[in-house]
Each structure stands twice: as structure tokens, then as C-alpha cells.
Amino acid sequence: MALRAIRTEEDPVLRKICKPVTDFNSHIHTLLDDLRDTLIDSGGVGLAAPQVGVLRRVVVVMDISREDLPPEEQIIELINPVIIAQEGEQCGAEGCLSIPEKYGVVTRPESVTVSAFDRNGNKFEVSGSSLTARAFCHEIDHLDGKLYIDIAERMLTDEELQELYSQDEDVSE
Ligand code: NI
């Protein structure tokens, strides 16, 4: 198990455009393993490679619709992900592991379908709704140097934060 340090808001690496993965080699496998470990350790719902300082189009997302599974089996690995379809709209609280202890109100599609490659270079599609759709959008934005604070309508107040924390659901990505 290897944890990597999560970069925070002021780190310029979070504003760079990530390069596509062309070689599905052991470096990418190690990166994915470390992203998994780091995400599980952090308790968030998604993590993108630039958040650990690697400028590659690689993300991991927890599929929270599979809460019956152990955390390591809930994780979806996405390489070179692209949103190919989206439907509806949801507006709610969104956080980021790179912007600790803050949340903003962000509108996202209610459901999305993503095309991506797995760690062996096989192309696949995956759909998600609700928080999973939010996480797909949030993580893919990270690959283009975008943070949710760029599009948030507003940040949550201290009172709203207290309420969010009392729900015991971590929505940091
Ligand atoms: Ni994030």
C-alpha cells in the first residue's frame, strides 16, 4: 500500500492540462494502485492523477451505488475518460480533496456515460447517476486543470457545513 500526498488548491499542478495515456505499462498500474489506496485512505469519492502531482489522464471514482462491496471493489479506474452522454441536472454540495473543509453549490448532469480505457488498455463505457455522475464530471474536470470552485454558484456557509457534516456523507472529490 502506498499513499501519495494530495496537492492542494494553491499548487499550480492542479491547473495544468493532463496528457493522455498511450502506454498501459507498470507505471500506470502503480499510479492506479496508489490512487486507489490514497482515495480509500482519504474517505473521498474520487481522485484524479494531477491531485497527486501526475499530469496524466487517469482518475479513480468510488461507485457509491455499490456500497455492499468492500471499498477497494467499489473503485472504478478510468484512463483517458470522456463524457459521451449526459442527462438531466442536479444541484448540490460538492467538495474536493485538494480544497479541504470547503464545499460549494455546483450544478452537474444527473446522469452521465463515460467512455474510458481500463488498466490493460481495453475500452469500456460506464454510466453513473447522482453522486457518481457528479464525481465523474468533477474528476474529468481535474484532467483539464479545472476546479469546482470555478463553476460553483456559491460556497457553503459554516452553518450549512455543519449540517453537511452531520449527515456523515463525505462528498469530497
Ligand atoms: Ni477534486
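Which side chains meet in a salt bridge at 2.8 Å, N to O? They are those of D150 and R15. A salt bridge here is a side-chain nitrogen of Lys or Arg within 4 Å of a carboxyl oxygen of Asp or Glu. D150 lies in the loop between α3 (130-142) and β8 (154-155), and R15 in the segment before α1 (26-42), so the pair ties together parts that are 135 residues apart in sequence. Helices (H or I, at least four residues) and strands (E, at least two) are DSSP runs, numbered from the N terminus. D150 is partly exposed, at 42% relative accessibility. R15 is also partly exposed, with a relative accessible area of 40%. Buried denotes under 20% relative accessible area, exposed over 50%, and partly exposed the range in between (1.4 Å probe, protein chains only).

The model is predicted: local features need pLDDT of at least 70, side-chain atom pairs count only at pLDDT 80 or more, and totals for chains, interfaces and linings use all residues. Residues are numbered from 1 along each chain as its sequence is written, and side-chain values use heavy atoms, with hydrogens and water left out.

In total, the structure holds 12 salt bridges. One of them joins D11 and R7, whose side chains meet at 3.0 Å, N to O. R7 is partly exposed, its relative accessible area being 30%. Another pairs D68 with R66, the closest N and O atoms lying 3.2 Å apart. R66 counts as partly exposed, at 36% relative accessibility. Salt bridges also link D33, R36, E77 and R119 in a network.

Backbone geometry was examined next. Most residues other than glycine have a negative phi. N80 is not a glycine, yet has a positive phi of about 50 degrees. This residue sits in strand β3 (residues 75-87). N80 is buried, with a relative accessible area of 14%. S130, likewise not a glycine, has a positive phi of about 55 degrees. S130 is placed in helix α3. At 36% relative accessibility, S130 counts as partly exposed.
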